[in-house]
Amino acid sequence: MSVWLPGAPCTPRACVEAAHDVALLAAVPRAAARLTGVALLVLAGALLSPLGPRIPAGAVRAWSRAIVRAAGVRVRTRGAAAPDGGLLLVANHISWLDVPLLAAVRPARMLAKAEIRRWPVAGALAARGGVLFIERDRLRALPGTVGRIAGELRAGRAVAVFPEGSTWCGRDQGRFRRAVFQAALDAGAPVQPVRIRYRARGGAASTTPAFVGDDPLLASLWRVATARGLVAEVDVLPLIEPGAHPDRRRLAAEAGARVRGARTGGIRAARR
């Protein structure tokens, strides 16, 4: 376990809802079609990734939303992020779906654990997409990581981070670790808190999309693709302006408190 990016207590067996066997069997053709759609969109993104910053932000947001919808998940959003300038996007972390959902809020360089670089296919795609990889178990690498993030922010770019350091099932939430917030302080950049939640048909909270513990990625993909009526709710919360807090501890606490206190009222459903 990392010193500064701890794991969560959630496990797939204890926390994650699974589909009934009969319902699962009936959902196989639909799930196969959904995963095919996701794969085609990811492939298209990989082919266009060499264009990098020349791709319009609006196109990146539309592509990101399309991935979530192709997986069979509706998206409901409230609020909007600052459209330009250096920005540290911070959100709670539940699922692999969180990554395209944050990119739909505002395209950004994502901070991710170095292990992802070694994943087949996905690792190469992440590297080509500009992901900032971190060595979570090397405490001495932390200042360098903070410096890289601050450099991106000073250059007017957005960086997206999940400060809990691990995925949680959605029933509870981890504490925001303060290390990455030092980058916003050093760069004089605002912080944009975002809360992500998943709901089942009827509005009850759902842990089906959760990707926790030792859950294999393919199992999580299949679980989402076979589900019906899943909704992702994204609250883009009020911006924390530079200078609002004098140190990273208070800045992290404020961002975490805003995410934990997000309300559901006034959420607008995005068209599928």
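Helix H4 (residues 57-70) and helix H5 (residues 98-105) pack at about 150°, and their axes lie 8 Å apart. Here, axes are lines fitted to C-alpha atoms, for helices over the stretch in contact, and angles run from 0 to 180 degrees between N-to-C directions. H4 and H5 are therefore roughly antiparallel (angles under 35 degrees count as roughly parallel, over 145 as roughly antiparallel, 65 to 115 as roughly perpendicular and the rest as oblique). On the H4 side, Arg61, Ser64, Arg65, Ile67 and Val68 make the contact, and on the H5 side Pro100, Leu101, Ala103, Ala104 and Val105 do. Contact means heavy atoms within 4.5 Å.

A word on the source: this is a predicted model, where local features need pLDDT of at least 70 and side-chain atom pairs count only at pLDDT 80 or more, while totals for chains, interfaces and linings use all residues. Residues are numbered from 1 along each chain as its sequence is written, and side-chain values use heavy atoms, leaving out hydrogens and water.

Now back to H4, where we also find Val60. Is Val60 buried, partly exposed or exposed? Val60 has 22% relative accessibility, so Val60 counts as partly exposed (buried is under 20% relative accessible area, exposed over 50%, partly exposed in between, with a 1.4 Å probe and protein chains only). Val60 touches Ile55 and Pro107, leaving aside residues up to four places away in sequence. Val60 and Pro107 are 47 residues apart in sequence, yet their C-alpha atoms are 6.5 Å apart in space.

Next comes strand S7 (residues 231-236), where 6 of the 6 residues are buried, so the strand is largely enclosed by the rest of the structure. In a regular strand the side chains alternate between the two faces of the sheet. In S7, Val231, Glu233 and Asp235 sit on one side and Ala232, Val234 and Val236 on the other, all of them buried. Two strands pair if DSSP finds at least two bridges between them.

| Strand joined to S7 | Bridges and direction |
|---|---|
| S1 (residues 74-78) | 5 bridges, parallel |
| S6 (residues 191-199) | 6 bridges, antiparallel |

Arg76 stands opposite Glu233 of S7, and Val194 has Val236 of S7 as its bridge partner.

Finally, the whole protein: its secondary structure comes to 10 helices and 8 strands. These are DSSP runs numbered from the N terminus, with at least four residues (H or I) for helices and at least two (E) for strands. Of its 272 residues, 46% count as buried.
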